[in-house]
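What follows is a walk through a predicted model.

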Amino acid sequence: MQSLWLSVTFAAALLVSVALKFWLATRQMRHVAAHRAEVPAAFAATVPLAAHQKAADYTLVRSRFALLSLALGSAVLLGWTLLGGLDVLNTVVRDAVQPRFGSMAYQLALLVAFVLIGGLLDAPLEIYNTFRIEQRFGFNRMTWRLYLADVAKGLLIGAAIGLPLAALVLWLMASAGAWWWLAAWLAWVAFQLLMLVIYPTIIAPLFNKFEPLPDESLKQRVQALMARCGFAAKGLFVMDGSRRSAHANAYFTGLGAAKRVVFFDTLLARLTAGEVEAVLAHELGHFKLRHDPKRMATIFAASLAALALLGWLSQQQWFYTGLGVTPNLGAPNDALALLLFLLALPPFGFMLMPLAARVSRRHEFEADAYACAHASGRDLANALLKLHEDNAGTLTPDPVYVAFYYSHPAASERLAALRMEPA
Ligand SMILES: [Zn+2]
């Protein structure tokens, strides 16, 4: 009975989230198409019609692609769960591995098989996105050779980091008793903090070249800004983002000695020194206002709640049967429970998306205000506009779509807020 109830609730949550995503995407497409003919008045002097129309076309093509991905992704999710895909995979892997190599090997093999099959199912979409859509709009710089090298490196790094972490969590689930989820959470938090140090210093350099900012006059200017903001500079790096894409970006990353600001070479090629300074001031704003620690604290709290929930669910027979899987007899169910939980959670968690997006947009406004106080707001506005145009971001998104998804405020709102800051 409880099993049927879970099946129905899960199917309903999936249906509601898909319908909502579909509705949002079609709203966005209608809104962008309706404003394609004319540059909005506020941008008429600065944005050429051709750029505005390219942004509209790019948004429309991407939205259509998102609808296709949504349909395929939902079918795959149903296939894994209610239609019994994970059950079949589990039976095959368990019977092949458990008798000869034991239960830990079986569980790791199940996780690996699941990840590999999921990756293979996603690959055609990813390839289409990179080599068709991004190519068509002139953004792709990726070659097949680089793509395959990235996949190979990703698999190796994923195995080197993911397997020990998975083994640790599975071991805790088996041997730490009823409070295993608390121990697993502590391991997870420690892992995330470790990644903050390892990612920028070891992993990211495997995919891109990072060089210290070479331009002396720009460097001095940037260091003066950092001194003004009381920021102990560990590193200013230029990344060869142009190897893969023409999209431009800048970000702040790391923890402690691994703390660094990274500029894409594509960004430096496009902005004036004053504009780079303003963009950096915005990134420093995120840092000074402690946006990252706040975001991480929220994520840690949410993952603690999720793991506590999993601690309870994994003990219930109906959790497995309700999601299309027969629990193992004579073998641990921990890896199965982890997979089912990761599969079943997103349709429910999707409802929290507007909340997270809203907090993120508020942080962007705060970082912009900080940038205005420590660098030129006019430069920041110009930089944003250039980057927006280069990335073919639409100037006329649907407001409901923005409220739901956008991690950054719509360009018009952001520029309007900047103009109100005292110069
Ligand atoms: Zn930002």
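**Aromatic rings and strands**

Tyr-401 is buried, with a relative accessible area of 19%, just inside the limit because buried means under 20%. Tyr-405, at 23% relative accessibility, counts as partly exposed. Both belong to helix α15 (residues 399–405), where a spacing of four residues separates Tyr-401 and Tyr-405 by about one helical turn.

In the whole structure, a search finds 18 aromatic pairs. One of them is formed by Trp-144 and Tyr-147: the ring centres are 5.8 Å apart and the planes stand at 80 degrees, so the pair is edge-to-face. These residues are three apart in helix α5 (residues 144–175), about one helical turn. Trp-144 is partly exposed at 46% relative accessible area, whereas Tyr-147 is buried at 6%. For Tyr-401 and Tyr-405, the centres are 4.7 Å apart and the planes at 45 degrees, so that pair is tilted.

Another charge over a ring involves Lys-153, whose charged end lies 5.3 Å from the centre of the Phe-207 ring.

Strand β2 (residues 236–239) sends Leu-236 and Val-238 one way and Phe-237 and Met-239 the other, all of them buried. Strand β1 (residues 210–212) runs antiparallel to β2, joined by three bridges; Val-238 is the bridge partner of Glu-211. With strand β4 (residues 260–264), β2 pairs in the parallel sense over four bridges, and Met-239 has Phe-264 as its bridge partner.

How values were computed:
Residues are numbered from 1 along each chain as its sequence is written. This is a predicted model: local features need pLDDT of at least 70, side-chain atom pairs count only at pLDDT 80 or more; totals for chains, interfaces and linings use all residues. Side-chain values use heavy atoms; hydrogens and water are left out. Buried means under 20% relative accessible area, exposed over 50%, partly exposed in between (1.4 Å probe, protein chains only). Helices (H or I, at least four residues) and strands (E, at least two) are DSSP runs, numbered from the N terminus. Two strands pair if DSSP finds at least two bridges between them. Rings of Phe, Tyr and Trp (its six-membered ring) pair if their centres lie within 6.5 Å; planes under 30 degrees apart count as stacked, over 60 as edge-to-face and the rest as tilted. A charge sits over a ring if NZ of Lys or CZ of Arg is within 6 Å of the ring centre and within 35 degrees of the ring normal.
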